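Dear colleague,

I am handing over the structure below, together with notes on what was found in it. Please read the notes with the sequence and the coordinates open beside them.

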Amino acid sequence: MLHHTPLLDTIAAGLVFAFALGALATRLRMSPLVGYLAAGVVVGPHTPGIVADAALANELSEIGVILLMFGVGLHFSLRDLLDVKSIAIPGAVVQIALATGLGAGMGWLLDWPASAGLMFGLALSVASTVVLLRALEERRLLDSPRGKIAIGWLIVEDLAMVLALVLVPAIAGGGGGDLWLSLGLTLVKVAGFLALMLVVGRRAIPWMLEQIAGTGSRELFTLCVLAIALGVALGAAILFNVSLALGAFFAGMLLTESEFSHKAASDSLPLRDAFAVLFFVSVGMLFDPAILVEQPLLVLATCAIIIIGKSIAALVLVLAFRHPLATALTISVSLAQIGEFSFILAGLGIELDLMPTMARDLILAGAILSILCNPLLFAALDRWQRRRERAEAAQRAVVASGPPAPEGPFVLLIGFGRVGSAIAQILRERGTPLLVVDTDPELVDRAQARGIPAICGNAANPRVLAETGFAQARLALLAIPQALEAGEIVARLREAKPDMTIIARGHSEAEVEHLLRHGADGAVMAERIMALRMAEMAAHSLAYHDRTAAAAATPAQPDAGAA
C-alpha cells in the first residue's frame, strides 16, 4: 500500500541525487557543491521527472544553516568578534551600500520602480553563510585572522539583513512614523536578545551541557547539543525576531566557555553536513534554467555585480585598512556570492509587490552561478598563493627575516598548529635545534616571535624543501593533521634523504597505514597513545593495590627478645 510522504520523498530524492551528482562532480575534479546544485535542478519543478517539495526542502535547509552557524559559534568567541569589529563593521556597511547602489542602478536602467531596484541591490549585497564557511573549512582558515575577519564581516551583513527584513514591510506600508517605530522596536529586541544571552545564557547553556555530560549518556549529550542549537535559534526568532542563524551562532559562541565545546562540535557535525547538502538542493530547485536563454545579458550583469563589483569593493576596503594582500583577496573571494538571505529578501519583495518576478529570477540565477563560480575563484586564489610562495622561495631565503637557521643536525618540524607548537616547546626546553615549516604566514610569524626559525611554504614543494637544508636534519616530525598532504611530504623526504627518520600523525588506522606506505618510520595515532597510557596507569594502579594487600595480609613477626 502506497502512502503520500512528501517529507520522506523530499529528503530521499534530495540526498540520493546529491550523492550521485556530487560524486560525479568530485570524479571530474569539480567541487561537490556543483553536484548538489545540479541535484536540485533535477528534482525541481522546472525540469521533467521527479519533483520534490520545494517548500519542505527550503525548511530542511534552514536546519543546516542553524547547525552550521552553531558550529561556527563554537569556534568563534565574542572576543574574536570584537577583535575584528574595526574592519568588519565599516567594511560590511560600505560594501552593502556599494552593492545595493549597483543593483539599484541596474534596476533604474530597466525602468523598475526605485523600491524594486533597492530590494534587488540589497539582495545582491549579502553573501551565503553556507558557501563561505564551507570554503574556509576546506582551507583550514576558520581560526585564522583571515577567517575571523570574513566571519565577522558575514555576521555584520546578517545583522543588517535582519534590520532590512523588519524595515521593508514598514517602508512598503508608506508610514514614516511606522518606519521609525519598527526600527526602534527591532533595535530593542536585538539588544534584549543579546542581553539575555550574555547574562543568562552565558551561564545556563554551559552549565546545562556539563550536567548532561556528567550522566555519561552519549545519546543524551548529542540530543542536548541539538536542543540547544535549535531551541535557542527558534526562541530567538519567536521572541525577539532575530534570525534563526544568528540565534544559533550566539548559542554556539556561548558554549565555547564549556570544556565540552569540542565534543559538542564533533557530535553535531554529521547532521550539519547532511542538512547543508539539502540547502544547496533547495537552491537548485528554485532555479529555472530558461532565464539563461531568455535574458542572458541581464544574468551576466547580475553576476558581474555579485562576483566583480562586490569583490572589488571588499578588496579595496580591506587593503585600505592596511591588511596584507592575501587577506584582502581571501575576503574578496569569500564574499563573491549570494545565498540564504538573498532568497528571503527576494521572496519578501514578491510578496509585498515591491519587485517584478524577473528580479527574483535574476537573483536566483546570480546565486546559482556565483555559488558555482566561487570554488573556481578559490582554486585560482590557491594557485596564486602557491606561485607566490615559489617566487618568494626562489628570490630570497624566508628564514633570513626571522631567527637564524640552526647549524648542524636539527629536527625538521612541519606544522606549527596546536600539536606542532607543543612539540616545539618541548624540543626547545630540551635544547634541541629545530626548524619549522608551515603554510600559514600567521603561524610562521608566531614561531619566529618565539625565537624559532621558520619558513612559510608547503613542504611538499621541492623549492621550499630545499630551502630548509633538510640534508642536515636528523629527524622530521609531521604535525599537520591532513594525512593525504602529509603522505606526499613523507614521500618527497624519503626520496630525497632515504636515511632520515620520519614520524607523522594520523587520526585513524587507515591514515596510519597510508603514512607508513609512503615511507614514514612511524605514525602516531592519538587514540592508540591514549589507550597505551591508560593501560600503563591501570597496570601501575593494580600493582600498587596488590603490594598493599600483600603487606596487609602478612602477619607481623614477633621480636626476637620477647619471652
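Throughout, a residue is called buried when its relative accessible area is under 20%, exposed when that area is over 50%, and partly exposed in between, with a 1.4 Å probe and protein chains only. Helices (H or I, at least four residues) and strands (E, at least two) are DSSP runs, numbered from the N terminus. The model is predicted, so that local features need pLDDT of at least 70 and side-chain atom pairs count only at pLDDT 80 or more, while totals for chains, interfaces and linings use all residues. Residues are numbered from 1 along each chain as its sequence is written, and side-chain values use heavy atoms, with hydrogens and water left out.

**The chain as a whole**

The protein chain has 23 helices and 6 strands, and of its 563 residues 47% are buried. Taking a contact to mean heavy atoms within 4.5 Å, residues 24 or more positions apart supply 73% of the contacts that have a separation of 6 or more. The accessible surface, computed by the Shrake-Rupley method with a 1.4 Å probe (for residues, only the protein chains shown count as cover), comes to about 27,400 Å², and carbon and sulfur atoms account for 65% of that area.

**Helix α21**

Helix α21 covers residues 483–496, and its 14 residues should span 20 Å at 1.5 Å a residue, which agrees with the 20 Å between its end C-alpha atoms; the expected span is 1.5 Å times one less than the number of residues. Its buried residues are Ala483, Ala486, Gly487, Ile489, Val490, Leu493 and Arg494. These residues lie on the same side of α21, because they cover an arc of only 165 degrees around the axis, where the arc is that of the directions from the helix axis to the C-beta atoms. The cover over the buried residues of α21 includes β1 (410–414), α20 (462–467), β4 (473–478), β5 (501–506) and α22 (509–517). On the face turned away from the buried side, α21 carries the exposed residues Leu484 and Glu495.

**Salt bridges**

With a salt bridge defined as a side-chain nitrogen of Lys or Arg within 4 Å of a carboxyl oxygen of Asp or Glu, the structure holds 4. An α-helix has 3.6 residues a turn, so residues three or four places apart point the same way. Arginine 492 is partly exposed at 32% relative accessible area, and glutamate 488 is partly exposed at 40%.

In helix α23 (residues 526–553), arginine 533 and glutamate 536 are 3 residues apart and therefore separated by about one helical turn. Their salt bridge has its closest N and O atoms 3.5 Å apart, and both partners are partly exposed, arginine 533 at 49% and glutamate 536 at 41%. A further salt bridge joins arginine 360 to aspartate 361, with the closest N and O atoms 3.7 Å apart; arginine 360 is partly exposed at 31%, as is aspartate 361 at 26%.

**Two aspartates with positive phi**

Most residues other than glycine have a negative phi. Aspartate 111, although not a glycine, has a positive phi of about 65 degrees; this residue sits in the loop between α5 (85–109) and α6 (114–123) and is exposed, with 69% relative accessible area. Aspartate 353 has a positive phi of about 60 degrees, lies in the loop between α16 (340–351) and α17 (357–395), and counts as exposed at 66%.

**A buried serine and a surface patch**

Serine 332 belongs to helix α15 (residues 325–334) and is buried, at 7% relative accessible area. Apart from neighbours within four places in sequence, serine 332 is in contact with Ser311, Ile312, Ala314 and Leu315.

Patches are made of residues with over 30% relative accessible area and no salt bridge, like charges being joined within 9 Å and nonpolar side chains (Val, Leu, Ile, Met, Phe, Trp, Tyr) within 5 Å. A nonpolar patch of this kind is formed on the surface by Leu196, Leu198, Val199 and Val200, which together have about 320 Å² of accessible area. Leucine 196 is found in helix α9 (residues 176–213) and is partly exposed, at 41% relative accessibility.
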